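Have the structure open as you read.

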Amino acid sequence: VPRLTPDNVKRCQDLIRLYPQSRSALIPMLHVAQEQDGWLTPDSMAHVSELLDLDPAEVYGTASFYDMLFTHPVGRYLVSVCTNLACLLNGAEELLEHAEGRLGVAAGSTTPDGQFTLEEVECIAFCGAAPCLAVNWRFFGNVGNEDFDRLVDDLAAGRLADDVPPHGTLCRVRRQVGLTAGGPPPVDESEGATAPQDSPR
Amino acid sequence: MITDADAIVTTRLGLRDSWTLRAHLETGGYDGLRKALSMGREAVSEEVMKANLLGRGGAGFEAGKKWSMLRKAEPVYLVVNGDESEPCTFKDHMLIEADPHQIVEGTLICAYATGASQAFIFVRGEFALGLERLTAAVNEAYAYGAIGRRVFGSDFSIDVVVHPGAGAYICGEETALLESLEGKRGFPRDKPPYFPAAIGLYKAPTVVNNVETVSNLPWIVQHGGEAFASLGIGRSAGTRIFSLSGHVNRPANYEIEMAKTTFGDLIFDPKLGAGIPGGRALKAFVPGGVSAPWFGPEQLDMGLDQDAVGKAGSMLGSGSVVVMDESTCMVRAAWRITRFFHRESCGQCTPCREGGGWLDKVMRRIELGAGRESDLDLLLDVCDNIAPGLTWPPQKTTICVLGPSIPSSITSAIRMFRDEFLVHIKEGACPFGR
C-alpha cells in the first residue's frame with residue numbers, strides 16, 4: 001500500500017519549515033503526494049495528516065475542495081479543455097465534442113487503458129490562444145480538431161514526455177534553500193543541538 | 001488614441017530567456033530594489049502613494065493606501081496574489097512566466113516598505129510553468145543576495161516562499177486566499193474586518209497585492225511616483241495590461257496607458273485588437289472580467305478609465321475585455337458565465353450556492369429550447385434575491401462578492417437582448433443553431 005516515500009517525507013518536512021504555521025504546508029504536501037501516485041490515495045492522505053498532526057477528515061475535507069486534487073484515480077494524462085467565454089466564442093464546445101469522440105469517453109471520465117482523463121474546465125488563463133486546453137497543466141493553444149488528434153497521438157507515443165510529465169507532477173524545480181532571514185540555518189538535529197525556530201523574527 | 005507611453009511591466013517580454021536572473025540583470029534588474037534600500041522605507045511608501053497605483057487584481061484599491069492601513073503589530077506578512085482566475089484574464093499568467101524576477105523584485109520592495117518579515121507569492125496551481133520559473137527565480141535571487149538575511153548588505157532581511165494553489169476561483173478573493181494559504185478550504189472570511197491589513201494571515205497584519213501591482217514597483221522606485229501618476233488620467237494612473245479576447249483578430253495582452261485609450265481603440269486599432277474577424281459587427285463586450293455587467297457599441301468611445309467605467313454601471317475589474325460579435329448567442333454566453341459562477345461558488349452562503357444553481361438551470365432550459373414565458377421574470381427575481389435592486393455595485397447579501405456577481409451577465413443579456421430570449425422561448429430552440 002503506497003505511503004509517502006522517505007524522499008517525499010523529507011520534501012514534506014522541508015515544506016513545513018517554510019511556514020510560520022505547519023498547516024500552511026498542507027496543499028503543497030498534497031501536491032507532493034499527488035506527484036508520487038498520480039492521485040491522492042487514502043494512505044498518502046493519512047500519511048500527510050500524521051505529518052501535520054491533523055485529523056484525516058481535515059485533510060480529506062480540504063483536498064476535496066480543490067479542483068486540481070483528485071481523491072480517485074485519474075489517467076496518466078489529464079486533458080483539461082476550457083469552455084469558458086473566450087474559448088466558447090472560438091469553438092471550444094466543438095473541440096470538447098471532438099475530444100470526447102477521439103478519446104471515446106465523456107468529459108469527466110478516463111479511458112479504459114488509464115492513459116487519458118478528459119475534463120471540461122473553467123478558464124485556464126490562456127485566452128489569447130482560444131480554444132485552448134492543458135495536459136497535466138502544460139498549455140496548448142489554438143487547438144483545432146487535427147491539432148487535438150496529433151497531440152493525443154504524440155502523448156500516447158511518448159513523444160512529449162519531456163514537456164508533459166505524468167499527472168501530479170506540477171513544479172519540477174525544487175526550492176534550494178530554507179528560510180534564511182532569521183539567521184544561520186538550523187544545526188542538524190541528529191547532532192543533538194537544538195534547532196532554532198523558523199518562526200518570524 | 002494609442003499614446004506613445006513606454007511600457008512599464010512588459011518591457012522584458014520577448015527578450016531571450018527573459019525569466020532568468022541574467023536577463024533581468026542585463027536590463028536593470030534589482031536596481032529598483034537597491035535604490036529602495038538606499039531611500040528608506042518611508043520614502044518608498046511616499047513614492048507609491050504619489051504614484052496613485054491602483055491595485056491591478058480587480059478591486060482597484062489604492063496600493064499605497066492599503067499599505068498605510070496596516071495595524072501596528074508584528075509580524076507583518078506580505079502575500080502576493082498570483083491566483084489569476086477571473087475568466088478571460090490572462091495577464092498575470094504571462095507575467096509570472098515571462099518576468100518572474102520583476103515580481104520578486106516588486107515583492108521585495110513592497111516587503112521592505114511595509115516592514116514585512118516574510119512574503120508569500122500565491123501562484124494559481126494550474127500555472128505549472130509559471131511555478132517552475134518563479135521557483136527558479138527565487139532560488140537565483142537567494143543566491144544573488146536579493147532575498148535572505150541582510151539583503152545586499154543592508155539591515156533588511158526577508159524570506160520569500162512560492163506557494164502553489166490547487167484550483168479554486170474563489171481563492172482570488174483575498175480573504176479566501178489567506179484561508180487557503182493557511183491550509184484550509186478557500187472560504188472567504190466575513191467582513192468586517194474589511195482589510196487583511198488589520199487581521200490577515202495567521203491573524204497578523206497582512207498586505208495582499210496582485211502580481212501586476214507589485215511588478216510596477218521597481219519602475220515607480222526608479223522613476224518616481226510623480227512620473228507614474230503623470231501617465232493616464234486622474235485616479236487611473238500609469239499603464240495597465242488589458243487582456244483582450246473573444247471575437248478579435250489579435251487577441252492578446254496589451255499594456256497601454258490608462259484612461260486615454262478607449263475600448264474602441266483596444267478592439268479595433270490595427271496595433272491592438274485589429275477588429276472583428278470577417279468584418280462582422282460588434283454585439284456587446286465584457287469590459288472587465290465576466291463579473292462585470294456588459295457594454296454595447298455605444299460605449300466604445302469610453303476610455304479605459306476605472307472611474308468612468310464605474311460611473312457607467314460596470315467595472316474595469318481585472319482588465320479583461322471580451323468581444324462578442326453578431327454571430328454570438330447571448331443566451332448561451334450568459335448561461336456559460338452563470339454556470340461558471342455556480343460551479344465556483346464555495347457554498348458558504350445560500351443566495352450564491354442555491355441561487356447560482358437555479359439561474360444555471362433556468363438559463364439552460366431557455367437555451368436548449370424548453371424555456372417558459374415566465375422565465376425572464378423568474379430569472380430577474382432570483383437575481384434580485386442575490387443582488388437586491390439589481391444595482392451596481394451590488395449590495396451585500398453574501399460574505400464575498402462572488403454571489404452578487406452572478407446576476408451581471410444575465411441582467412446584462414436581458415437588458416440588451418431581451419428579444420433574443422423571447423425568440424428562444426417562442427421557437428423552442430436556439431436561433432443560432434447550437
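## A helix tucked inside

Buried here means under 20% relative accessible area. Keep in mind too that this is a predicted model. With that cut-off in hand, 12 of the 15 residues of H14(B) come out buried, so the helix is largely enclosed by the rest of the structure.

As for its geometry, H14 covers residues 330–344 of chain B and spans 21 Å from first C-alpha to last, close to the 21 Å expected at 1.5 Å a residue.

## The four-stranded sheet in chain B

Chain B has an open sheet of 4 strands, ordered E3-E2-E1-E4 and paired in parallel. The edges belong to E3 (159–164) and E4 (206–210); each has a single partner strand, so one side of each is left without a neighbour in the sheet. On average, neighbouring strands are turned by 20° against each other, direction ignored.

Zoom in on one pairing: E2 (residues 118–123) runs parallel to E3(B) over 6 bridges. Within that pairing, Phe120(B) has Val161(B) as its bridge partner in E3(B).

## Where the chains meet

How many residues does the contact take from chain A and from chain B? It's 55 from chain A and 68 from chain B. The area buried between the two chains is about 5,100 Å², with carbon and sulfur atoms giving 56% of it. On the chain A side, Phe65(A), Leu85(A) and Glu122(A) lose the most area to chain B, together 13% of what that side buries.

There's charge pairing across the interface as well, with 6 salt bridges between chain A and chain B. Glu120(A) and Arg339(B) meet in a salt bridge, at 3.5 Å from N to O.

## Salt bridges within the chains

Over all chains, the structure holds 35 salt bridges. In chain A, Asp147(A) and Arg150(A) form one at 3.5 Å, N to O. Both sit in helix H7 (residues 145–156), 3 residues apart, or about one turn of the helix. An α-helix has 3.6 residues a turn, so residues three or four places apart point the same way. Asp147(A) is partly exposed at 31% relative accessible area, and Arg150(A) is partly exposed at 47%.

Lys191(B) and Glu173(B) meet at 2.7 Å, N to O. This pair links distant parts of the chain, 18 residues apart: Lys191(B) is in the loop between helix H8 (174–181) and E4, while Glu173(B) is in the loop between E3 and H8. Lys191(B) and Glu173(B) are both buried. Then there's Lys283(B) with Glu420(B), whose closest N and O atoms are 2.8 Å apart. Lys283(B) lies in strand E9 (residues 282–286) and Glu420(B) in helix H18 (residues 407–427), so the pair ties together parts that are 137 residues apart in sequence. Lys283(B) is buried at 14% relative accessible area, and Glu420(B) is buried at 12%. Finally, Glu179(B), Glu182(B), Lys184(B) and Arg189(B) are linked in a network of salt bridges.

## A loop leucine in chain A

Is Leu54(A) buried or exposed? At 18% relative accessibility, Leu54(A) counts as buried. This leucine is in the loop between helix H3 (42–52) and helix H4 (56–63) of chain A. Leaving aside neighbours within four places in sequence, Leu54(A) is in contact with Arg23(A), Leu26(A), Ser49(A) and Val59(A).

Methods: Residues are numbered from 1 along each chain as its sequence is written. Chains are lettered from A and ligands numbered from 1 in the order in which they are written. This is a predicted model: local features need pLDDT of at least 70, side-chain atom pairs count only at pLDDT 80 or more; totals for chains, interfaces and linings use all residues. Side-chain values use heavy atoms; hydrogens and water are left out. Helices (H or I, at least four residues) and strands (E, at least two) are DSSP runs, numbered from the N terminus. The expected span of a helix is 1.5 Å times one less than its number of residues. Buried means under 20% relative accessible area, exposed over 50%, partly exposed in between (1.4 Å probe, protein chains only). Contact means heavy atoms within 4.5 Å. Two strands pair if DSSP finds at least two bridges between them. Axes are lines fitted to C-alpha atoms, for helices over the stretch in contact, and angles run from 0 to 180 degrees between N-to-C directions. Buried area is the accessible area (1.4 Å probe) that two parts lose on being put together, summed over both. A salt bridge is a side-chain nitrogen of Lys or Arg within 4 Å of a carboxyl oxygen of Asp or Glu.
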